[in-house]
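Visitor: Hi! Could you walk me through this one? I'm new to reading structures.
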Amino acid sequence: MVGLASVALAACTAGDVPAAPADDPELVLGRTVYANQCASCHGPDGGGGRGTQLNGGMLERAHPDPAAQRDIVANGRRTMPGFSGRLSAEEIDAVVRYTREIINDVSD
């Protein structure tokens, strides 16, 4: 199973996900985390797949409170694993911000 996860992660590169403003280090970090940890399930543009759809405003409708979203990323929910053992608090905050400010606004 680890081998399959590695293949899935390798299939998505940072070039596949929407850009972040180069002058915003937190969004750049969030993009990198999203590309490496999230896109294989949620899709490079947040369109979904094995994971739920995050784009087209779906993320903020489902999770209007950023703290609740952060908790899900850190601790997991249902079939989504928690990432607190793999990501730092800074990385979790960055990916939450990136998904809310960049991925959420991508149109279907």
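Predicted model: local features only at pLDDT ≥ 70, side-chain atom pairs only at ≥ 80, totals over all residues.

Visitor: Which residue does Asp-24 meet in a salt bridge?
Guide: Arg-97, at 2.7 Å from N to O. This pair links distant parts of the chain, 73 residues apart: Arg-97 is in helix H5 (residues 89-101), while Asp-24 is in the loop between helix H1 (2-11) and helix H2 (25-42). Helices are DSSP runs of H or I with at least four residues, numbered from the N terminus.

Visitor: And is Asp-24 buried or exposed?
Guide: Asp-24 counts as buried, because its relative accessibility is 17%. Buried means under 20% relative accessible area, exposed means over 50%, and partly exposed is in between (1.4 Å probe, protein chains only). Arg-97, at 22%, counts as partly exposed.

Visitor: What about Glu-26, which residue does that side chain meet?
Guide: Arg-97 again, in a salt bridge of 2.9 Å, N to O. Glu-26 lies in helix H2 and Arg-97 in helix H5, so this pair ties together parts that are 71 residues apart in sequence. Glu-26 has 33% relative accessibility, so it counts as partly exposed.

Visitor: Which residues are linked in a network of salt bridges?
Guide: Asp-24, Glu-26, Arg-97 and Glu-101. Glu-101 is in helix H5 too, and it counts as partly exposed at 38% relative accessibility. From C-alpha to C-alpha, Glu-101 is 9.8 Å from Glu-60, although the two are 41 residues apart in sequence.

Visitor: New topic! Where does Thr-99 lie?
Guide: In helix H5. Thr-99 is buried because its relative accessible area is 5%.

Visitor: Which residues is Thr-99 in contact with?
Guide: Leaving aside its neighbours within four places in sequence, Thr-99 is in contact with Tyr-34, Leu-59, Gln-69 and Asn-104. Contact means heavy atoms within 4.5 Å.

Visitor: Okay, helices now. At what angle do H4 and H5 pack?
Guide: About 125°, with their axes 10 Å apart. The axes are lines fitted to C-alpha atoms, for helices over the stretch in contact, and angles run from 0 to 180 degrees between N-to-C directions. That angle makes H4 oblique to H5; under 35 degrees counts as roughly parallel, over 145 as roughly antiparallel, 65 to 115 as roughly perpendicular and the rest as oblique.

Visitor: Which residues in H4 meet H5?
Guide: Pro-66, Gln-69, Arg-70, Val-73 and Ala-74. Their partners in H5 include Ile-92, Asp-93, Val-96 and Thr-99.

Visitor: Which residue pairs with Arg-70 in a salt bridge?
Guide: Asp-93, at 2.5 Å from N to O. Arg-70 is in helix H4 (residues 66-75) and Asp-93 in helix H5, 23 residues apart. Arg-70 is partly exposed, with a relative accessible area of 26%, and Asp-93 also counts as partly exposed, at 34%.

Notes: Residues numbered from 1 in each chain as written. Heavy atoms only, no water. Salt bridge = Lys/Arg side-chain N within 4 Å of Asp/Glu carboxyl O. Helix = DSSP H or I, 4+ residues; strand = E, 2+ residues; numbered from the N terminus.
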